[in-house]
Structure formats: structure tokens, C-alpha cells
Amino acid sequence: MLSKIPVSVLIPAKNEEANLPACLASLQVADEIFLVDSQSTDRSVEIAESYGAKVVQFKFNGSWPKKKNWSLENLPFRNEWVLIVDCDERITPESWAEIAELIKNDEFNGYYINRRVFFLGKWIRHGGKYPDWNLRLFKHQKGRYENLNTEDIPNTGDNEVHEHVILQGKVGYLKNDMLHEDFRDLYHWLERHNRYSNWEARVYFNLLAGKDNSNTIGANLFGDAVQRKRFLKTVWVRLPFKPLLRFILFYIIQRGFLDGKAGYIYGRLLSQYEYQIGVKLYELRTLGGKLNVANTSKSVPKPVNQEVEKTAI
């Protein structure tokens with residue numbers, strides 16, 4: 001493919017110097033690349049510019065919209081189609097060849113792309129991790145990310161992570177996959193999922209409270225893959241022993257054991273992740289999202305040194 005494909009790529013980023021080179025190298029056939037950065041302190045901006053990306057700084061004000069929706073509203077895309085790619089993802093040549101043909105078809109306004117998740121050097125093919133459909137390619141004027149009312153939760157970041165795109169019109173599916181392969185370490189995986197669990201706890205809380213979901217993709221057992229998953233979550237949040245169930249579901253029922261040692265570790269970490277969500281949900285429901293709440297009605301004992309001073313007088 002010698003000519004550029006008329007697609008504008010959007011990459012949300014912050015301190016991603018380890019992942020950006022492989023990501024950007026896989027996007028060079030795109031006509032335009034925007035990297036929307038959150039004041040990175042590493043070499044992310046330098047790397048992005050060396051690959052010809054346009055760098056835009058985003059400063060989160062603590063309310064809606066977050067980074068991707070802000071970008072869809074404000075960036076001067078010169079193409080009708082936008083492709084959203086995370087820094088730890090890569091678009092294969094086969095996918096690009098398919099995209100080049102699909103965007104010529106006016107029947108669809110967007111396309112789901114399946115994702116292969118790699119963990120500890122292994123493609124996690126089982127445990128419900130594949131297929132993993134994401135609506136990433138769409139006409140940018142037709143789609144916006146849903147609002148799950150989580151932006152006020154602290155320590156969740158400024159970027160939409162598990163929110164999905166609400167799209168006007170028909171949606172298709174790519175045949176070829178994209179690759180998800182983080183080149184950082186387990187520290188970053190755990191740190192990221194610590195933030196994600198804050199977000200998930202609020203989503204659980206909203207589901208249990210029956211909060212209005214009119215600005216979301218909705219939960220539908222008979223809808224697309226994402227809507228079915230959302231429906232199952234409305235059932236999941238009410239089940240007991242979720243950390244144990246998460247491991248059994250991933251490792252045994254969905255055959256995560258077939259992915260060897262990496263599959264076992266991934267299953268254990270998912271169980272731990274579910275436990276984090278559960279305790280943060282408990283904290284949210286009982287203490288308003290705080291570890292302890294000051295109770296001024298309780299008498300506070302005076303410091304020992306103060307009593308000693310009084311005695312001395």
C-alpha cells in the first residue's frame with residue numbers, strides 16, 4: 001500500500017514511551033495521526049513527533065467529557081473516518097488492507113475490530129478474552145462514547161477505558177484482528193487495574209442503584225456482543241463470591257488453563273481485581289468512597305504529653 005489510507009488515527013496517551021514506537025510504526029499508512037497527550041513527562045511527545053504524529057495536549061477538568069470524547073468533538077480531522085488505537089495496540093497490515101476497502105462502503109458507519117490480548121508473552125486465547133470486540137473504526141461525526149457517570153470518581157484517569165461508542169447507523173465487523181501487547185511490566189498492569197477497579201466499583205454501584213442509563217449503549221441479551229456483555233454484568237453484580245467465581249469462570253469454564261502458566265497467572269490476577277472492585281464498592285456504599293469518615297460526636301482522648309504537662313503544673 002503505497003498511498004495513504006484516508007483515515008485519521010486518534011491515540012490517547014500519557015507516559016507511553018515503551019509502547020509508542022511499535023504502535024506508531026503500525027499506523028504509518030494512515031493519512032493522519034493525532035496523539036492526544038496528558039502532559040507526559042517521558043519521551044512520548046518526542047517519539048510521536050518523530051513518527052509524524054500531531055501532538056495535542058489535553059487537560060482534564062474533572063468532569064465530562066474525558067479525553068476521547070473531547071478529541072472527537074475538538075480535533076480538526078481531515079478525514080471522515082477515525083480509528084482509535086491505544087498505545088499498547090498495533091494494527092496489522094492485513095487489517096489496514098481490509099480497512100482500505102471497507103471505508104469505501106457507505107452501508108456502514110462503523111466497524112468492530114477484534115483484539116488479541118498478549119500477556120507474559122502468550123496470546124490469551126481462552127478464558128473469555130477472545131473474541132474481544134471493540135468499536136474503534138467509525139465516521140467521527142456519527143459516534144461518541146457513552147457516559148457512565150464515573151468521571152467524578154478520583155484516581156480513575158482522564159481517559160475513557162471501558163466505555164463504549166454509541167454509533168448512529170449500521171455497524172460491521174472486521175475479519176482481521178488488532179494486537180494488544182503492553183511492553184511495560186506487571187507493576188504497570190497492576191497499577192492500571194488498581195485505577196480500573198475504582199471505575200468498576202462505581203459502575204457496579206450505579207447498576208445496583210438502578211441509575212439512569214439513557215446515555216449508554218444499554219444492556220440487551222439479544223443485542224450485539226457488547227450489549228450482551230453489559231446485560232450479563234447486570235446479573236453479575238448481584239452474585240456472591242465474585243472473586244472465586246471470576247477465577248472459576250475464566251480458568252475452568254472458559255478454559256483459561258489452555259493458555260498455560262500465563263493463563264493461570266492472568267486468572268489469579270483477575271480474581272484479585274474482582275476482589276478490589278468488591279471492597280471498593282463496599283467502601284463506596286458504606287463510607288462514601290473513603291477509608292474512614294470522621295465522627296465528631298465521638299470524644300477524642302487528649303494526647304499523653306498534654307496530660308503530663310498539666311500534672312507538672
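Biologist: How many of the 10 residues of strand 6 are buried?

Modeller: This is a predicted model, in which local features need pLDDT of at least 70, side-chain atom pairs count only at pLDDT 80 or more, and totals for chains, interfaces and linings use all residues. Residues are numbered from 1 along each chain as its sequence is written, and side-chain values use heavy atoms, with hydrogens and water left out. Strands (E, at least two residues) and helices (H or I, at least four) are DSSP runs numbered from the N terminus, and buried means under 20% relative accessible area, exposed over 50%, partly exposed in between (1.4 Å probe, protein chains only). Strand 6, residues 110-119, is mostly covered, and its buried residues number eight.

Biologist: Which residue of strand 8 stands opposite Tyr 111?

Modeller: Two strands pair if DSSP finds at least two bridges between them. Strand 6 and strand 8 (residues 133-139) run antiparallel and are joined by five bridges. Opposite Tyr 111 stands Leu 137.

Biologist: What is the relative accessible area of Asn 69?

Modeller: Asn 69 lies in helix 3, residues 67-74. Not counting residues up to four places away in sequence, Asn 69 touches Trp 64, Arg 144, Tyr 145 and Glu 160, where contact means heavy atoms within 4.5 Å. Asn 69 is buried, and its relative accessible area is 5%.
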